[in-house]
Each structure stands twice: as C-alpha cells, then as structure tokens.
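Welcome, and please open your viewer. We will go from stop to stop, selecting a few residues each time and looking at what is there.

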Amino acid sequence: MKRCLELARFGAGKVAPNPMVGCVIIFNEKIIGEGFYRSYGETHAEVNAINSVKNHELLKKSTLFVTLEPCAHFGLTPPCSDLIIEKQIPKVVIGAVDSFAAVAGKGIEKLKKAGINVEVGVLEKECRELNKRFFTFHEKGRPYIILKWAQTQDNFIDIERSPENYGEPTWISGDLALRLVHKIRSEENAILVGRETAKKDNPALTVRHWTGKNPLRLVIDRQLQLQESLKLFDGSEKTIIFNAIKNEDKENLRHIKTDSTKNTIPQILNELHRQNILSVIVEGGRQLLESFIELELWDEAYIFVGSKFFGSGVQAPKLKGKLIASEHLDNDRLFVFVPC
C-alpha cells in the first residue's frame with residue numbers, strides 16, 4: 001500500500017476533480033504489475049496496473065492493492081470493479097472507501113458479490129490524507145481551502161502604500177519561497193484574491209516560476225472598480241470575477257453575479273463546488289484572509305516568514321491552528337497549520 005501511495009502522487013495536479021489513485025498487483029510476494037491514475041479522463045490506476053502484467057493468467061492467483069475503492073459506475077471510463085471481476089483476481093486490498101456518491105461502497109459490494117476477498121482500511125489515514133481535497137469536496141460540499149501569506153519578523157504583510165507604490169507586491173520572502181509558492185499553485189485548482197490585492201499588487205497568479213498547470217484565477221470585485229489593464233484580465237488564463245452587478249461570459253473571462261445582501265464567500269464556494277473545483281488557494285490581503293478565518297472555512301494555512309522587519313504597516317492575520325510542518329527556505333521559514 002505504501003508503494004500504491006508513492007505511485008498515486010505522480011498524478012498530483014493532473015487528475016482533478018478525480019482523486020489520485022495508485023495500484024499494485026502482487027503474486028508470490030512480488031510485484032508483477034503497478035499503475036496510477038495519470039490524467040483526468042484517462043484509464044484508471046487499476047486498469048493501468050492490470051495492463052502492465054505480462055502474464056494475465058497470474059492475475060487469478062494475485063492480490064490487487066489500491067489506495068481507493070474501485071469504481072462501480074460508468075463515467076469517462078468503464079467500471080474498474082468489472083475488470084477486476086473479469087480477470088478473476090481473488091483478493092483486493094483497499095486503502096479507503098470512496099466518498100463520491102456514485103461509488104461510496106458500491107464497488108466493494110460488487111466485488112464481494114463476485115466472491116472476491118476484500119480487505120478495507122489498510123493505511124486508511126494515509127490514503128485519506130493523500131486525497132484530502134477530494135474527500136473534503138464530497139463530504140463537506142466545498143473545495144479544500146488553503147490560506148497563504150508572507151509576513152515579516154514583526155508580523156506585517158505589507159507596508160502602508162499609496163497609489164504611486166501600486167503595481168508590484170511588497171516582497172517579503174526570497175526566490176526559493178517564490179518557486180515553492182508557484183509549485184503549490186500548480187497543484188491546486190484555483191486561486192482567489194480580493195480587489196485590494198489585485199489593485200495594489202497587479203498579480204498574474206500563474207506558475208511562471210514552476211512547470212505545471214496554471215490555476216483558475218478568481219477575484220472579488222463587487223462594484224467592478226478594477227482597471228481592465230490589470231494582468232488578471234489579460235485573457236491568458238481562465239478568470240472569474242465575482243461581483244454584485246452582472247453575469248457575463250467572454251473568452252477566458254467570466255463575470256458571476258453574487259447576492260450583495262448575503263456573505264460573498266459561501267456563494268463563491270458554492271459556485272466552485274458546482275464547477276467541480278476541488279481546491280482553492282486564498283492569496284488575498286488581510287481582510288479576505290480574516291474573512292475565511294472568522295467563518296472557520298479553511299483546511300490548511302501556509303505562512304511564509306521572511307527575514308525583514310517593517311516596523312509598521314498592514315498587520316498579518318491572526319490564526320489559531322495546529323502547526324504540522326515547518327521548513328527552512330534560505331533566509332525564510334515556511335510554517336504549515338491546520339485547524340485545531
């Protein structure tokens with residue numbers, strides 16, 4: 001199962017809104033086949049593992065290990081459980097049960113009815129952690145939310161700026177931290193900023209310092225006050241503007257109207273869930289970040305602490321959480337928190 005988890009991670013950033021899955025086939029305590037889910041819409045891990053076995057007669061005496069319950073429904077590909085049954089694999093070991101309503105135990109039930117010995121829950125915690133975005137999406141009805149900001153040694157995220165200082169971020173962390181931020185972006189589905197961040201920093205919100213897919217860009221601009229010349233509106237990547245004025249679709253640029261009498265954030269999360277967006281990074285300013293914190297709508301927080309001191313400026317958000325990881329990045333530190 002540990003090898004299954006290793007394989008599954010190769011699908012990071014490529015398979016959403018589906019989960020990452022790894023699969024290994026064992027005969028006489030040796031691996032004779034393995035596979036992982038490579039890209040959304042392609043064949044699943046179980047199919048790839050089975051196809052990698054040279055002698056299919058051995059499958060009738062083998063054990064199949066897989067991180068997530070095999071599917072039992074026709075989606076973009078046929079059910080994996082049907083192929084396992086067809087190949088007469090006698091035993092299947094599963095890491096975690098699938099939360100997706102179309103599966104949710106149906107794959108396990110189908111395998112058992114076919115007389116297959118099914119074991120469930122091997123390294124379940126690790127298998128759920130691997131696909132925490134997928135499980136959050138289906139069990140909580142919203143995307144997995146990552147808060148991210150950089151702060152100084154004296155807990156400021158920005159200086160007090162006037163319009164002549166707009167157009168570029170106030171850099172707090174260094175190049176290595178920047179590359180890691182872009183790597184993180186490449187593995188998530190969407191990235192959200194508020195109007196003030198868009199106006200002051202003019203961010204592109206891409207992964208130009210890393211190799212990978214750019215996330216869906218999201219910006220909150222309730223009264224549509226932002227200038228069209230900003231990088232967010234250059235049409236190079238899909239961008240959604242959440243506002244209180246209009247619905248409109250243009251190439252790579254979509255306006256979605258929200259109800260101004262209600263809190264905007266739950267409306268945004270509902271829309272992202274409707275669009276099958278599994279995860280979102282919130283890279284906004286203090287006001288937007290604290291709005292998510294106050295609503296207790298976050299799953300992880302990445303806080304980069306640079307070596308600079310500002311003395312005054314915009315205070316960093318205050319967050320109560322459990323520290324689960326830290327890392328040195330040249331002169332900077334990264335701290336990762338989860339809710340207590």
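**Stop 1: helix 9**

Select residues 264–274, which make up helix 9. Its buried residues are Thr-264, Ile-265, Gln-267, Ile-268, Leu-269, Glu-271 and Leu-272. Here, buried means under 20% relative accessible area, exposed means over 50%, and partly exposed is in between, with a 1.4 Å probe and protein chains only. Helices (H or I, at least four residues) and strands (E, at least two) are DSSP runs, numbered from the N terminus.

Before going on, note that this is a predicted model, in which local features need pLDDT of at least 70 and side-chain atom pairs count only at pLDDT 80 or more, while totals for chains, interfaces and linings use all residues. Residues are numbered from 1 along each chain as its sequence is written, and side-chain values use heavy atoms, with hydrogens and water left out.

Just after helix 9, click on Asn-276, which has a positive phi of about 60°.

**Stop 2: aromatic pairs**

How many aromatic pairs are there to visit? The count is two, where rings of Phe, Tyr and Trp (its six-membered ring) pair if their centres lie within 6.5 Å; planes under 30 degrees apart count as stacked, over 60 as edge-to-face and the rest as tilted.

Select Phe-10 and Phe-36, a tilted pair with 5.5 Å centre to centre and 45° between the planes. Phe-10 is in the loop between helix 1 (2–8) and strand 1 (22–27), and Phe-36 is in strand 2 (residues 30–36), so this pair ties together parts 26 residues apart in sequence. Phe-10 is partly exposed at 49% relative accessibility, whereas Phe-36 is buried at 13%.

Next, select Phe-134 and Phe-135, an edge-to-face pair with 5.7 Å centre to centre and 75° between the planes.

**Stop 3: charges over rings**

A charge sits over a ring if NZ of Lys or CZ of Arg is within 6 Å of the ring centre and within 35 degrees of the ring normal. Then show Arg-133 and Tyr-144: the charged end of Arg-133 sits over the ring of Tyr-144, 5.3 Å from its centre.
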